[in-house]
Amino acid sequence: MTDLLTSIQTALDLPRMPIPCNGDGALPSAFAVTELACASIAVAGQAVSELLHQQTGDMPAVAVDRRLASFWFSTSLRPIGWQVPPLWDPVAGDYATRDGWIRLHTNAPHHRAAAERVLGACADRAAMAAKVAQWASTDLEQAVVDAQGCAAEMRSWAQWQQHPQGLAVDAEPLVHFIAQTDEHRAEWQGSIARPLAGIKVLDLTRVLAGPTASRLLAGLGANVLRIDPPSWNEPGVVPEMTVGKHCARLDLQTPADRAVFEGLLQDADILLHGYRADALEHLGFGVERRRQLAPGLIDVCLNAYGWSGPWQNRRGFDSLVQMSSGIAEAGQRWKHSDKPTPLPVQALDHATGYLMAASAIRLLTERLAKGRGGLARLSLARTAKLLVEHGQGSDEPLRGEDVQDQDSALEHTAWGPARRLRVPVQISGVAVRWDLPATELGSHSAQWL
């Protein structure tokens, strides 16, 4: 883990120091997925420790459990007497083309509709496979993207390194901090047990990466309000990701809801968003407008393919970035398989989420010291580069999960009782816990509670 940890600490301007990652084994992968899990969770803990050091003079110790970190990169929720809905739409997945492979991401109804505008209506995977097989990979990828859908041709790492977007991502930092000169905000201090108590987090993120960040911030005591569009749903991940959060809906295309959003933003300390790079600008909430509404705002933003280059505004998800950046192709060779082999978990999402949380905490620490806000930009593609460049994975198996890995507390979610796995990071004196059970999107009103 040392090289990965050092790289991330450098990106976050954290002291380069060892952080224990206790345990043995690793998720089987062509790449060091468990090491990435340990390192990204460790730096989030280190960021909390540095924040508390600034406030109290004490530096809490940080340690990570290797097995729990690996398990949390899949799912932390263990339902009792009920099941989480399937993660994937029936036709989502990898398909052989005329000259290679492509992945279609159809979980959102409008993304499936986009794919079917190009390929025709498909009742099942067999029908989709027959249509995809008639296309060349590059042509189909572009056609689906042009239809406002989500697709990724399988490329090798060498091909990605020569691709204009791969070249653009190579030139970007893992975390791009942009200093602001906003006016001073009121003093604030949490407690050691709940370091982010009193901090308001406005969460505009979807699916996994951003919600991973806001889940951790909520676990540290922050008041997290998640905002979704009126019809958006992601049933396969909502029970995993809404714990600790209030969840409301707003339509930013309507004047009344825009006014509500502006009021929420004015009171927010941290804004997390994972829209495409130009999406908030098109809605009239670009960087300058956000700064006008919320001087001193900590603005942490994520996209799939990076913040420069021809694909900076392209729709994307973890599984698509794995296809584009050579991860799935390397996995295929590693496993001696006849089809793309992704990582065993959606590690780009989870790791980037913890880096987003760490970035927000670093900017909060900076604001306390200098009285100004700040902006951080991260991308799944840049996290993919970090993983690929830090070498091969391991075949050493993790010890299987057992009941001792679960927290003793029962969580009464909107779907039924469940337990969470124990938190994978320990920060001395800090209670990482969630005060609200997981709930459906839109369960709360759009107001700070």
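Me: Which helix gives the most to the lining of the largest cavity?
Reply: That's helix 9, which puts three residues into the lining. Keep in mind that this is a predicted model.

Me: How big is that cavity, in volume?
Reply: The largest cavity comes to about 80 Å³. Searching the whole structure turns up three cavities of 30 Å³ or more.

Me: And what kinds of residues line the largest cavity?
Reply: Nine are nonpolar, one is polar and one is charged. Among the lining residues are I41, W72, T212, R215 and Y354.

Me: OK, pockets now. What's the volume of the largest pocket?
Reply: About 1100 Å³. Its lining is made of 38 residues, and H110, R206, W232, Y275 and R276 are the ones nearest the centre.

Me: Which helix supplies the most residues there?
Reply: Helix 4 does, with three residues. Other elements that supply at least two residues each include helix 9 (209-219) and strand 12 (298-303).

Me: How does that lining split by class?
Reply: You get 19 nonpolar, eleven polar and eight charged residues in the largest pocket.

Me: What about the second largest pocket, what's its volume?
Reply: That pocket has a volume of about 390 Å³. It is lined by 20 residues, with D407, A409, V432, R433 and W434 closest to its centre. Strand 16 has the largest share of the lining, three residues. By class, the lining holds twelve nonpolar, two polar and six charged residues.

Me: Switching topic: in what order do the strands of the open three-stranded sheet come?
Reply: The order is 4-5-6, and the pairing is antiparallel. From one strand to the next, the twist averages 25°.

Me: How many bridges join strand 5 to strand 6?
Reply: Three bridges, with the two strands running antiparallel.

Me: Which strands does helix 5 touch?
Reply: Helix 5 (residues 125-132) packs on the sheet and touches strand 4 and strand 5. The direction of helix 5 makes about 45° with that of strand 4.

Me: And where does helix 6 lie?
Reply: Helix 6 (residues 137-146) lies across strand 5 and strand 6, and runs at about 160° to strand 6.

Note on methods:
Residues numbered from 1 in each chain as written. Predicted model: local features only at pLDDT ≥ 70, side-chain atom pairs only at ≥ 80, totals over all residues. Heavy atoms only, no water. 1 Å grid on protein atoms, 1.4 Å probe; cavity = no way out; pocket = protein on both sides within 12 Å on 5 of 7 lines; lining within 4 Å. Points joined across faces, edges and corners; volume = space filled by probe spheres on them. Helix = DSSP H or I, 4+ residues; strand = E, 2+ residues; numbered from the N terminus. Nonpolar A, V, L, I, M, F, W, Y, C, P; charged D, E, K, R; others polar. Pairing = 2+ DSSP bridges. Axes fitted to C-alpha atoms, helices over the stretch in contact; angles between N-to-C directions. Contact = heavy atoms within 4.5 Å.
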